[in-house]
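Let's take a walk through this model together.

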Amino acid sequence: QERFLSKLNDFAEKQQQSTNKMEVNECTPEEAAYVQSFRFAAAPAFRTWCVGNRASGFSVDYALPKNGGHTPVLATKPLKRMRYSHFGCNVVHEDLAYGLDVDVHEEKMKLKKIVHAEGGELPAEHGHGTEYVAPPETRKRWERMDPTNTMNPGIGGLKQGKDYKD
């Protein structure tokens, strides 16, 4: 634990010298339980905030490059931006809220392009679903693993029909 804290503090000091600000706080066992609960409360709280403030929003997860990565600069400033992440693996969860006049799907696709341009991946840990088109090698792997398209039809830009037919 001592070695880990030493490395963590070294990392934090380097971050303080850059534009990325980071603070290291050690939790008591009681605080650690609250932090663990936070991850299950953040997304529902964000949705409630959007409804209560007549806003549209979306939640995403993305992975930044292993050797760095910065907070993506957004062209359209959100009303609310919440970022939280996994320490040590560069996976970021982000909730972004916009006014009702903003096309949130378009903003999500802009964020995807920014993350990819930085060498990151979006989506990261929660999969492509039916919203994102997966890279060709990923789609080919899925087709090999599920030749009848039974397990996850329509994911990652694949066709929805049996045997990948419409």
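## Starting in the sheet

Tyrosine 62 has valine 92 in strand 3 as its bridge partner. This is a predicted model, in which local features need pLDDT of at least 70 and side-chain atom pairs count only at pLDDT 80 or more, while totals for chains, interfaces and linings use all residues. Residues are numbered from 1 along each chain as its sequence is written, and side-chain values use heavy atoms, with hydrogens and water left out.

Strand 1 and strand 3 (residues 91-99) are antiparallel partners joined by nine bridges; two strands are said to pair if DSSP finds at least two bridges between them. Alanine 55 sits opposite glycine 99 of strand 3. In general, strands of a sheet pair through backbone hydrogen bonds, either parallel or antiparallel.

The open sheet has three strands in the order 1-3-2, with antiparallel pairing. Strand 1 (55-63) and strand 2 (80-85) each have a single partner strand, so these two stand at the edges and one side of each has no neighbour in the sheet. From one strand to the next, the twist averages 15°.

## The whole chain

The protein has four helices and three strands, arranged along the sequence as α-α-β-β-β-α-α. Both kinds of element are DSSP runs numbered from the N terminus: helices are H or I with at least four residues, strands are E with at least two.

Of the protein's 166 residues, 31% count as buried. Here buried means under 20% relative accessible area, exposed over 50%, and partly exposed in between (1.4 Å probe, protein chains only). Among contacts with a separation of 6 or more, 50% come from residues 24 or more positions apart, where contact means heavy atoms within 4.5 Å.

Strand 1 itself is mostly covered, with seven of its nine residues buried. Beyond neighbours within four places in sequence, phenylalanine 58 contacts residues including Phe46, Arg47, Leu96, Val104 and Leu111.

The largest nonpolar core holds 14 residues, and Phe58, Val60, Tyr62, Leu96, Tyr98, Leu111 and Leu122 touch the most other members. Such a core is a set of buried Ala, Val, Leu, Ile, Met, Phe, Trp, Tyr and Cys residues joined through side-chain atoms within 4.5 Å. Strand 1, strand 3 and helix 3 each supply at least two of its residues. Another core lies apart from it, with five residues, among them Trp142, Ile155, Leu158 and Tyr164.

Helix 3 (residues 104-117) lies across strand 1 and strand 3, at about 20° to strand 1. Axes are lines fitted to C-alpha atoms, for helices over the stretch in contact, and angles run from 0 to 180 degrees between N-to-C directions.

## A look at lysine 140

Is lysine 140 buried or exposed? Lysine 140 belongs to helix 4 (residues 136-145) and counts as exposed because its relative accessibility is 51%.
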